[in-house]
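Let's take a walk through this one, a few spots at a time. Have the structure open and follow along.

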Amino acid sequence: MIAEPETPNGISYQKENEGHSESDNDVENQRRGSESISSSWKRRRDHSEKSRRRSSSLRSCRQIRSNAREQQDEVEAVTLFEVVRMGKSAMQSVVDDWIEEYKQDRNTALLDLIIFFIQCSGCRGMVTAEVFQNMHSPDIRRKMTEEFDEETGLQYKKFMVYPWILNVTWPLDLDSGDYPLTMSGPYWKKFKPNFCEFLSVLIHHCQYTIIHDEYLMDTVVSLLTGLSDSQVRGFRHTSTLAAMKLMTALINVSLSLRVQLHNTQRQCEVEKEKTKSRPNRGLETLLRKKEEIIEKQENIENLMNAIFKGIFVHRYRDALPEIRAICIEEIGIWMKTCSDRFLTDSYLKYVGWTLHDKQSDVRLKCLMGLLSLYSDRECCVKMDLFTCRFKDRIKSMTLDKESEVAVQAIKVLTLMLQNCEDALTSSDCKQLSHFVYSAHRPVALAAGEFLHRKLFCSQDSEVQDELSERKEKASRNISHLKTLVNFYQESEGCTHSAYLVDSLWDSSAFLLKDWESMTSLLLENDDQEEEAFTNIQKKALVEIMLSSIRQAAEGLPPGGRCLGKKMGKERKSQIDDRAKLTEHFIVALPQLLAKYSTDGEKVIKLNLLQVPQYFDLEVYSTVQLEKHLDTLLKQIKEIVEQETGSEVLEFCSKAYLFLNKEELAAHEQVELAKSQLLDQLVGRFNQLLKDFFHKGDSFDEAESHQMWSTLKRITTFHNGHDITRWNLLKSTCTLLKSGLEDGNVSEPIIIQAIKCSYFHIMWQLSKVSEGMCSKSTQTSVGKQMRGFCYICRRYLTNVNSAVREQAFVILCDLLLVFSHEVLSSGQENAEPFTYVPEASLQSELVAFVMDHVFVPQGSEIVSKDDERRAGILHKRRNLLAAFCKLIVFSVVEMDIAANIFKQYIKYYIDYGDIIKETLSRTRQIDKIQCAKTLFQSLKQLFSELLQAQGSNITRWSQPFTSIKDLARRFSLTFGLDQLKTREAMAMLHKSGIEFAFRDVNAKGKNQPPPNLAFLDILSEFSPKLLNTDKRTVFNYLERFITDQMAVESGEEWLPLSSYRRSLLDTRDDETVSTSSGDRSPPSPVHHHSRAASLKRRHHTEDSGDAGLNEEQWGKRFPSVLMSRLTSTELRENERHMNQRASRKKEHPLDKDGMQSLCSEYGTATMGVTDRTITDSAKLPENDLDDLNEILDIDND
């Protein structure tokens, strides 16, 4: 409830406080026009007058509320809060009506305004007001409190709002953050701007009248000051926003008063000049008006001081970041609007201090305010001290973790560079310029604007676009290009030109699109000018030119930078830029290639050869520029004939490939030029090949080099173009066979011949897959592939490392492409091409990997050159990856991967990622076979260790612990779902137990088996077993343990006891979850632990074996321990048997016959009845026989 102030007669008025919890039906009110809202507001005002008349007849508050409900159907009450919430369409008229009501009864109208602020704060409680009679009463201080009533669960706040003392009551959930300024949704999203607009309109309409009555504003400021000091964030947030907006509006009023005062002062001076001798009534009127204006201005100044000192000074460091942001945003507006008063160091310090705020939104508001200030030169003059003190902080904000803050910081520094002389040093500028290479595009664009101002706008930047003469513009752009090239060379070298161009694209596009100036700089003679470009500068300029061409043609930022959605205007500009660059470079590119094709500058040629891919080739036919195309093709042909570098030849091949598009009119012209070039190259190679076989040993080195260079050009073009019609496979295979038989072919020629043959076969396979060949051709392709694989296989033992590595990679790729899985996925009849490598070839491949990839540390090339060492490692990784692909796609047997997996720990740094991914893929293919492969890896390592150290293996030695570490890594790769890996784990434990007890110690039966230490390694996989599987594996283990072994307790028998404990320990399974959703019942062994402990204690007291611990007792009496544990476990299994049978699905019988070990659930899983289970608990020997029958263990 809201109570009006008491009248002198002691009568109180109460009105219902309608919070923001009204129903959604109020949304319909928003659709009503401004006339209905205004009329309802007037009816509400008339209704309030009637209420006051009724109140004069001493009616109670309940009577007033009942009368209001009776008239609810006739009069629709629309409060100020509802007007603001519904929209600002009728705000002008509502404010005018409220002013009229204030003039008639200021207490009632002012109370309505107070209620408005309370409601906007989200208060759902009630507000009461009482007039205090004595301002110096001691009770006033006592009433200025904020407390909590534990009995009612309500919170109270009492504070003075002249001439009342307000008592606001609200529930505790008001501080939950649910109030109009923070509420989301379409219903509340416009509340904040409407609220601010209402306050601005209110002050604007009152600026000439009631704002100066020393009653309205004093009360409002007092109210907002009291609310801003509340602990409730809704009150504090809303009142601070209102106070800051009122402050902004009062500043506008103050500025208006200044204008009035200035005009009045001028009028007074004019009147004084008119009548100096006689009195003038007009002058007296002006003087009185001047005094009134000064008085009003002083009143406004007092109000602003009260708001600033009472609210801003306390709330700019509020705990709520939204409140701090409001304060900083508004003080920036004050400084810009009224700079003569607020743009001083005493106010700027608040902005400077807040630059260190922890919240990015607050820091952003500071920078936005400074952005508007530094854009004005007059303001910059007043900020010298601030700039000097806080420049370093702003500069450090360019590295802010929030990119938007960094962007605005760079923009502030750009304006500081532009409007503040000597504010930034050369080191500051250099640091900021480097942000053009930032991966975040907005930051880079802001830095590009800074660099543009620094490099190109230092002297005549303001008039550079107004120059009309073309020569002056070209001269200026050439000068700018030289400056840009120098910056590019000094900053990041010649590897990031695309980032530089993208950063400058918005600010310096006029320069980056001036390809005529770039071309003129590249085509000018070195002797023309004293300041001609050096070769290094030309390289940098060509890179910048290529990046600008790419940016103009594609409109895409470089890798790592994101681009927003393109607008239609940007797309049209991109099309125009591409047409423009095509028309220019169609003529200029042949000239550039002609000049730089003979130079040794490979970088320039590489960049120039990439230009044609950005052409709009339709321009060739529309503009009739075929002759220029012929010139370009001739220049590319000359480069091919001259160059032997791989990169240059690849870009020449790509240029032909791009220009030779079938849909273009110039297709035939380019195809003819390409055919002529290849005819020439193939003819030259065939002639050299004939000379090679004819001359024999007399084939000199020059001719050998010519053959290599010609074959390399052919091979490079064969990679991207189909030249199978020249049938080079026969010639290259003949050359390779000659190298195998006679050894008279040089290694570089062999490498190129292997590549050329491989490309020929792949192009043939492509034709077959497209259905372009006959069956005879398909058969021929299969034979050619097998014959070539045989040649590559023989080259695996070549003395030259480059030759054998190339042969290995090509052979692996061919085996992968022609494997059954790959071919069957793309073609139905793939049998003629399917090639399954025989076992001998697989052994040769894995031996090659072991000899040339997993090289011992002592035999590695010792070199201080890190780049060379990285290159060697890269080659070895490629070799390993090529072979691992054969494993993943089942081209070779999975068992052969054991040799790879066992190197996982030893070469983890170099190849760990490749081996781990291979292991993961093989596990997805076949979990059981993968587990067998891992077992083979561990078995091989253990056997090697046993052979090296003999039977006396030290369990704590480094080699043994590394094998255990490898086993632990293998175990972790199986994940947490034990059900999915159940069969694999069972098979692994079965094989491990058999391997551990396979051999008999030659020293006698009393000695442990030679492989018994392998059980210590096998225990790393025990946590991956289910509880029931651990029991079964334990029973299987007991079969191999004789009575003599059970009583042994030496150190050499510790692996056996350790493995047994890992099978009896079920704690690991309690914390393991399965992704399939099936949870096993509580572990039988776990439930048995306490009972077994009591039984053991009872047995110890009754017998004479009290001195034996559990382990020794179990070793002496293994059968009794088996019976005790098994019976308890099986009783628990009997309890949960029906549940498991309904939830678990049966697992199929694997090829090793481990049916029961790999699928337990169901009545047939144990293979015995309840009676058999009980009997097995009593007779361990029979239990082992039944287990053997169920698992079919002996049928390996």
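## Around His 212

Leaving aside neighbours within four places in sequence, His 212 is in contact (heavy atoms within 4.5 Å) with Gln 207, Leu 257, Lys 296, Asn 299 and Ile 300. You'll find His 212 in the loop between α8 (191–206) and α9 (216–228). Helices here are DSSP runs of H or I with at least four residues, strands are E runs of at least two, and both are numbered from the N terminus. At 15% relative accessibility, His 212 counts as buried. The cut-offs are under 20% relative accessible area for buried, over 50% for exposed, and partly exposed in between, using a 1.4 Å probe and protein chains only.

Before going on: this is a predicted model, where local features need pLDDT of at least 70, side-chain atom pairs count only at pLDDT 80 or more, and totals for chains, interfaces and linings use all residues. Residues are numbered from 1 along each chain as its sequence is written, and side-chain values use heavy atoms, with hydrogens and water left out.

## Ile 203 in α8

Ile 203 is found in helix α8. Is Ile 203 buried or exposed? Its relative accessibility is 3%, so Ile 203 counts as buried. Not counting residues up to four places away in sequence, Ile 203 touches Ile 211, Met 217, Leu 246, Ala 249, Leu 250 and Val 253.

For a sense of the fold here, take Ile 203 and Asn 252: they sit 49 residues apart in sequence, and 9.4 Å separates them in space, C-alpha to C-alpha.

## How α15 meets α18

Two packed helices are described by the angle between their axes and the distance between the axes. For helix α15 (residues 360–374) and helix α18 (residues 403–419), the axes come within 9 Å and cross at roughly 20 degrees. Axes are lines fitted to C-alpha atoms, for helices over the stretch in contact, and angles run from 0 to 180 degrees between N-to-C directions. That makes α15 and α18 roughly parallel to each other; the classes are under 35 degrees for roughly parallel, over 145 for roughly antiparallel, 65 to 115 for roughly perpendicular, and oblique for the rest.

Which residues of α15 meet α18? On the α15 side they are Ser 360, Arg 363, Leu 364, Leu 367, Met 368, Leu 370, Leu 371 and Tyr 374. Their partners in α18 include Val 405, Ala 409, Val 412, Leu 415 and Met 416. The residues of this contact between α15 and α18 divide into 11 nonpolar, 3 polar and 3 charged. Here Ala, Val, Leu, Ile, Met, Phe, Trp, Tyr, Cys and Pro count as nonpolar, Asp, Glu, Lys and Arg as charged, and the others, Gly among them, as polar.

## Salt bridges

The structure holds 36 salt bridges, each a side-chain nitrogen of Lys or Arg within 4 Å of a carboxyl oxygen of Asp or Glu. In one of them, the side chains of Arg 453 and Glu 449 meet at 3.3 Å, N to O. These two are 4 residues apart in helix α20 (residues 441–456), so about one helical turn separates Arg 453 and Glu 449. Arg 453 is partly exposed at 25%, and Glu 449 is partly exposed at 28%.

Asp 502 and Arg 561 also form a salt bridge (2.9 Å, N to O). Asp 502 lies in helix α22 (residues 497–504) and Arg 561 in the loop between α25 (535–554) and α26 (568–596), so the pair ties together parts 59 residues apart in sequence. Asp 502 and Arg 561 are both buried.
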